[in-house]
Amino acid sequence: MGADAIAPATTADTTAEYRPEGLSEAEAARLLAQYGENTLVEHHVSALQRLARYFWGPIPWMIEAAIVLSAVLEHWDDLAVITLMLLINAGVGFWQEFKADNAIELLKQRLALQARVKRDGVWKDVPAKLLVPGDLVLVKLGSVVPADIKLVDGAYLSVDQSALTGESLPVDKKAGDDAYSGSIAKQGEMSGVITATGMSTYFGKTANLVEQASSVSHFQRAVLKIGNFLIMVTIGLVLVIVLAALLRRDPLLDAVQFALILTVASIPVALPAVLSVTMAIGAERLAKLKAIVSRLVAIEEMAGMDILCSDKTGTLTKNELTLGTPQPANGVAEQDLLLAAILASQRDAPDAIDTAILARDADRKLTTGYAIQNFKPFDPVSKRSEAEVAQGSRHFKVAKGAPQVIIDLCAPDDATRQAITAQVERDGANGYRTLGVARSAEGGWQFLGLILLFDPPRDDSAATIARMREMGVSVKMITGDHEAIAKQIAGQLRLAQSIIAAETVFKDGTTVPAERIVAADGFARVFPEHKFRIVKTLQGAGHIIGMTGDGVNDAPALKQADVGIAVSGATDAARAAADLVLTAPGLGVITTALEEARRIFGRMNSYAIYRITETMRLLLFMTACILIFNFYPVTAIMVVLLALLNDLPIMMIAYDNALVAPRPVSWNMRRVLIIASVLGTYGVLESFGLFWIARDYLHLPDGTVQAMIFLKLLVSGHMTIYLTRNTGPFWQHPWPSWKLVVPCEITQLLGTLAVVYGLFMTPVGWGLALLVWGYALVFFLVASAVKVGAYRLLDRRSHRAHLDRIERRMAEGG
């Protein structure tokens, strides 16, 4: 493909004047003051500001209020526990963000540090950051283009801009063409006038897109919803209790003390910490699977990902030119065609095309006995390479190059010319790049045939895409190449063929039709701003988007996506912008990571239901006891012990066994709250049953009743996690991991010993303790049946609603 097909819309000021002597130092200084340094500008947020964010918001406010209240009432144990939880949550989140948020800094490192510039008629080396529009710079083999330039002088230049545009082949440039900042010169030498510097370059606009890219985590929204729900319940019940205390003329200090107890019991102090630890442990597992997580919440996002936008070059394909099936001319052997193509390739400094051709003669058996007498490398002017070859006493020439050039060289009759041209067009329509090959003959040249080149898919790409479909994830291919190449690769990967050119849907000043973007199977002729808009459009249509890539051009879309995935061998900028960095070749690890992410989500969902259930049990039971019976069912120290014995071992849910959901999963807060409310209400009734037995049937003292209620809340609370980990009976496969069971049972035993022997409470002895255990176990079995029934009712209603929607659509269609 030519440069015109893939080059992004010009970002440079093409009116910059070419002056052979270059700018003067005085002019350069003036322009530097006007345009600024040739660097990327970043909006910096200090580490202290980032850390402060974790102490600001509804949940932190409630926790901080509890800390202040603990200090005022001098409840130092409560203060220490709550403060520790707040600091752990802030520390985990801050550390992950600090490690991940450095995309712009790594983009900066790709810019050339030194540049060859002509000023006052003299060539000199200056720091690239001091270049200004109008400077005359020299670009040669190995140079990084220091700014956007308009090429003005020199024979030719071949540049690798795959990291910027996504095109797999080096692009040939000539006078009048643009070369973009950050691309690398592979062949030739040319001078050019700088037309844009810093953030005004194509490279700079890519960096600016990275800065603009942002997405709010569904995990963060879910935590806020859970926290806000519990906070609203807490505020309502605290107001009821305080009002009742004032009406009863209870001591104000007692009312404030209970407000503290209720606040400590209800706010999800450990919720963010437990969910963060769950994801952090999951991240360690993913690292062992060759997938490094740089943003923890991306694990939860990956579990719900329903569309994967995959970059083609270097991601679905190997980014290695490969020789296709040769097409020899009539009467020419395939081996003779290959031999001539190999002899016309430069072994000492092969470019990408020569490397692909020479791979067919790696052992040099084909060329044994042949000696190259003279070699003319490919250049954009002649558009062919040519070699003089000796085989013993025989001498001949071979040439390869653009098909039209080789056809003109051989000068066949019109019918042959038309047949070759038609074949080239057919090959191009199938996504192949073609080269013509010729050999000298008496009185001229003989056309030997066509060589086909293509970038083959990775070995595991087709299997990965098939597995993605099975898991409910749609794959869309994105490439800077032409539609023909995209369709050819799509066919090999068994993707659908609905490939559209990005420029046909993304036009300046027009609204992007989301339906076309969602319906497309892939996009061709895509530039970085297109990738960014594709991701944003799909997100706006309600999808959770994954994006894979490896180049600088992918960085904005990687950062905007819900799950940005940098594949093995990606540039530093792509890795920094991504949420998941693959360290093994191929995409196979993505499906494994997807399975693990869904397991992790299952654990987080079960914990969220558990936390809301237990909060509701404690809140409603305590409130009802005080309002109806004017009795505090647990003491302040018991609340603190419950917080410790419940949440800390429950962190081990991160190691629990979990099922892999067959489809993408997401937070269904309505479902979570309904199940938690059912189990919470059932738990309140269960607690009142034991309260009645202890106080009214056995006529036990208040201190003993409180100790028994404490043990019941502890034992039933730990059993609840066995209920919430699945939707079926508690014995449903997979069984809980021993890493979850052992800590839970140890803390239950510690709580039992505290109740039996009277640590911080009235001792009750083994008889009453075993009574509580037996009561909790019986009602645990009943709770399992209640939960299964609740899920079945929800599933029926959901299925009915789905059928109603289908019927409405059919009616509207009719």
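This report covers a surface patch, a helix pair and a loop residue in a predicted model.

## Basis

Residues are numbered from 1 along each chain as its sequence is written, and side-chain values use heavy atoms, with hydrogens and water left out. In this predicted model, local features need pLDDT of at least 70 and side-chain atom pairs count only at pLDDT 80 or more, while totals for chains, interfaces and linings use all residues.

## Nonpolar patch

Trp-738, Val-742, Ile-746, Leu-749, Leu-750, Leu-753, Tyr-757, Trp-766 and Leu-770 make up a nonpolar surface patch, with about 960 Å² of accessible area together (Shrake-Rupley method, 1.4 Å probe). Patch residues have over 30% relative accessible area and no salt bridge, and nonpolar side chains are joined within 5 Å.

Helices α29 (738-757) and α30 (765-813) each supply at least two of the patch residues; helices are DSSP runs of H or I, at least four residues. The most come from α29, with seven residues. Val-742 lies in α29 and is partly exposed, because its relative accessible area is 38% (buried is under 20%, exposed over 50%, partly exposed in between).

## Helices α25 and α27

Helix α25 (residues 588-629) packs against helix α27 (residues 669-697) at an angle of about 40°, with their axes 7 Å apart.

## Asn-668

Asn-668 lies in the loop between α26 (636-650) and α27. With a relative accessible area of 39%, Asn-668 is partly exposed. Asn-668 and Ala-222 are 446 residues apart in sequence, and their C-alpha atoms are 8.8 Å apart in space.

Key. Patch = residues over 30% accessible without salt bridge, like charges linked within 9 Å, V, L, I, M, F, W, Y side chains within 5 Å. Salt bridge = Lys/Arg side-chain N within 4 Å of Asp/Glu carboxyl O. Buried < 20%, exposed > 50% of the residue type's maximum accessible area, 1.4 Å probe, protein only. Axes fitted to C-alpha atoms, helices over the stretch in contact; angles between N-to-C directions.
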